[in-house]
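Thanks, everyone. I have one structure today, and I will go through a few local features before the chain totals. Please have the viewer open.

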Amino acid sequence: MLNRVRWAVAHLVSSGGAPPPRPKSPDLPDAPSPQTAAPPEEPRSPPATAGSGSAAPAKTVEARASFSRPTFLQLSPGGLRRADDHAGRAVQSPPDTGRRLPWSTGYAEVINAGKSRHNEDQACCEVVYVEGRRSVSGAPREPSQGQGLCFYYWGLFDGHAGGGAAEMAARLLHRHIREQLKDLVEILQDPSPPPLCLPSTSGAPGSSDSSHLVGPQSCWSSQKEVTHESLVVGAIENAFQFMDEQMARERRGHQVEGGCCALVVVYLLGKVYVANAGDSRAIIVRNGEIIPMSREFTPETERQRLQLLGFLKPELLGGEFTHLEFPRRIQPKELGQKMLYRDQNMTGWAYKKIELEDLRFPLVCGEGKKARVMATIGVTRGLGDHNLKVCSSTLPIKPFLSCFPEVRVYDLTQYEHCPDDVLVLGTDGLWDVTSDCEVAATVDRVLSAYEPNDPSRYTALAQALVLGARGIPRDRGWRLPNNKLGSGDDISVFVIPLGGPGSYS
C-alpha cells in the first residue's frame, strides 16, 4: 500500500503529456434561432502550428494543434502561442472591438505555471434560443405558434487529467440545457402552476385511459406544490447528467480524456441559476455585500456521502480501502489499541479498538487542498472521469464521483441593482490564493476607477482579479505583493454585471 501512495503522489505532481488530436464529437442538433437572439457563432480560435520553415517534430505540431481556447477570445495563431506560454503567462481577454459578450460581461484567463502541458480550463458564453417542442395540450406545435424563450449562459470548466472533458462540456452543455427546456417553454410562460403530467400525443403509447390504475383519492395526500423555478433547476440537473452520459459513450472514439469541474450560470425570466459541480466558486458582490452562490465539493465537504456509499457498497472499496476516517494512518503495531475515528453518521470523533481491517487505506485521506478520494482525486463532483482508476490499480473511482450540481437561485427582480453589482465566477486557480473579501475589495477599487457606463470596466476587473491571483515572476516563482506564492494553476474569471439585459447589451 505504501507503494500505492507513492504512485498517487507521483501522479498528482507530474505534468501530463500532450494528448493526441481529438476527433470532434457529434454535436446536439441546433435549434433555429432568431437573428436578435444570438449573434452568429465566431470561428474557433485557430490552433497554433509551426511555421512552414519549421523543422519541429510531428509530436510538437500535434501538441500545438490539440490546444484551443474559447472562441470568443478570437485568438490568432500568434496569440494562441502566447496564451500557451508558461513562462510569460500573459493574461488573455476578448479584444475590445466593440462587439462585446452579452451584458458586457468581462472575462480573463491565464495559463498555469507548468502544472500541465496546456491550459485545461475552458469557458463558454452564449445567448441560446429555445423553441418549444410541444404545446401544453399535447398537440404538436406549429412553427409559427407561440414564442420561444432565450436564456443567457456562462460556463467555466476546470479540466483535470487532460482538457478533453472541459472542451467537450464547453461546446455542448448549454445545448443539453436547451433540450431539457424545450418541453417547458409554454409552461414557464404561463403564470398558472405547472401541470402534474404532460399529455401524450394522440395515438402514442400510454395515451389510452389508465384511470383504472389509480386508487381512491382518499388514499393520496394533497398534490405537492411545484414551482416554475424548480422546473428550471431540474432541467439544469438533467442536462448535467446527460452531458456526463454522453462523455461516457464517446470517451473512446473521441478520446474525451480526464474530467472537469463545471460552474454554470443561466439567466432566464428574471432569475439567475448558478449550478456548481466541483471546486470552482461564484459570489455576488452587491453594494459591498458578499453573497455566496456556490459551495465547493471536495473529499472533505462530501466525506459523509462518500463514506455512506463505501459502507453500503463495500465491494467498491475492493478490499483495499476502509470507509472509516482516522486522524492519521494506523500502524500495524497499534492493533488492539483505541484510536479516534468517525464514520458516515458522525460529525464528531470517538474512540474505537483498532482491528485488522482498519489498516486499509482510508477512502478519504488528507485535508484541505491535499484531501483525496482513494488517494487519487481532490474533487468529488464534475463531468467525465469515466476511465479514472486508483493509481496502479484497476479499482474504478467514478462510482464515488457525482455529476449532479448544486443549483442556487438569485431573483434579479427583487433588488434594484447598480452598475457596480456583479456576479464573479472563478476556477479554483483564483480562489486558492484569493478570499471573497479580497475579491470584493478589488471589485470596489477597479470599478470606481471607471465611469459607470463604460462597458470595458468589467473586462478590466476580470483582468485585475487574474493578475492579482497570478502574481509577478520573482525568486524563481510567481509571487503576490505580500511575497506569498501566487497561483500556479490555470485561472479563469467571468465578471457578470447584474444590471441585466434591460441595461446592458
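Start at the surface, where Leu 308, Phe 311 and Leu 312 form a nonpolar patch. Together these three residues have about 300 Å² of accessible area. Keep in mind that this is a predicted model. Leu 308 sits in helix H7, residues 303-312, and is partly exposed at 38% relative accessible area.

What about the buried residues of H7? Those are Arg 303, Leu 306, Gln 307 and Gly 310. They lie on the same side of H7, because the arc they cover around the axis is only 95°. Their packing partners are strand S12 (364-365) and strand S13 (372-373).

Now the loop between S7 and H7. Thr 298 is found there. Is Thr 298 buried or exposed? Its relative accessible area is 16%, and the cut-off for buried is under 20%, so Thr 298 counts as buried. Leaving out residues up to four places away in sequence, Thr 298 touches Asp 279, Gly 378 and Thr 380.

In one of them, the side chains of Glu 296 and Arg 281 meet at 2.8 Å, N to O. That pair links distant parts of the chain, with Glu 296 in the loop and Arg 281 in strand S6, 15 residues apart. Glu 296 is partly exposed at 22%, while Arg 281 is buried at 17%.

The other joins Glu 406 and Arg 295, with the closest N and O atoms 3.0 Å apart. Glu 406 belongs to strand S15 (residues 406-411) and Arg 295 to the loop between S7 and H7, so the bridge ties together parts 111 residues apart in sequence. Arg 295 is partly exposed, at 35% relative accessibility.

There is also a salt bridge between Arg 286 and Glu 289, with a closest N to O separation of 3.1 Å. Here Arg 286 is buried at 14%, and Glu 289 is partly exposed at 39%. Elsewhere, Arg 133, Arg 178, Glu 179, Lys 182 and Asp 183 are linked in a network of salt bridges. The structure holds 24 salt bridges.

Next, helix H9, residues 436-447. With 12 residues, H9 reaches 16 Å from its first C-alpha to its last, close to the 16 Å expected. Its buried residues are Asp 436, Val 439, Ala 440, Thr 442, Val 443, Val 446 and Leu 447. Why do they share a side of H9? Because they cover an arc of only 160° around the axis. On the other side of H9, Cys 437, Asp 444 and Arg 445 are exposed. The buried residues pack against strands S6, S7 and S16, and against helices H8 and H10.

H8 brings us to Asp 428, which lies in that helix and is buried at 7% relative accessibility. Which residues does Asp 428 touch, not counting those up to four places away in sequence? They are Asp 158, Asp 279, Ser 280, Lys 369 and Asp 489. The C-alpha atoms of Asp 428 and Asp 158 are separated by 8.1 Å, although the two are 270 residues apart along the chain.

Finally, the totals. The chain has 10 helices and 19 strands. Of its 505 residues, 50% are buried. Among contacts between residues at least 6 apart in sequence, 71% join residues at least 24 apart. The chain exposes about 24,500 Å², and carbon and sulfur atoms supply 53% of that.

Terms used:
Residues numbered from 1 in each chain as written. Predicted model: local features only at pLDDT ≥ 70, side-chain atom pairs only at ≥ 80, totals over all residues. Heavy atoms only, no water. Helix = DSSP H or I, 4+ residues; strand = E, 2+ residues; numbered from the N terminus. Expected span 1.5 Å × (residues − 1). Buried < 20%, exposed > 50% of the residue type's maximum accessible area, 1.4 Å probe, protein only. Arc of directions from axis to C-beta. Contact = heavy atoms within 4.5 Å. Patch = residues over 30% accessible without salt bridge, like charges linked within 9 Å, V, L, I, M, F, W, Y side chains within 5 Å. Areas by Shrake-Rupley, 256 points an atom, 1.4 Å probe, with all protein chains shown as cover. Salt bridge = Lys/Arg side-chain N within 4 Å of Asp/Glu carboxyl O.
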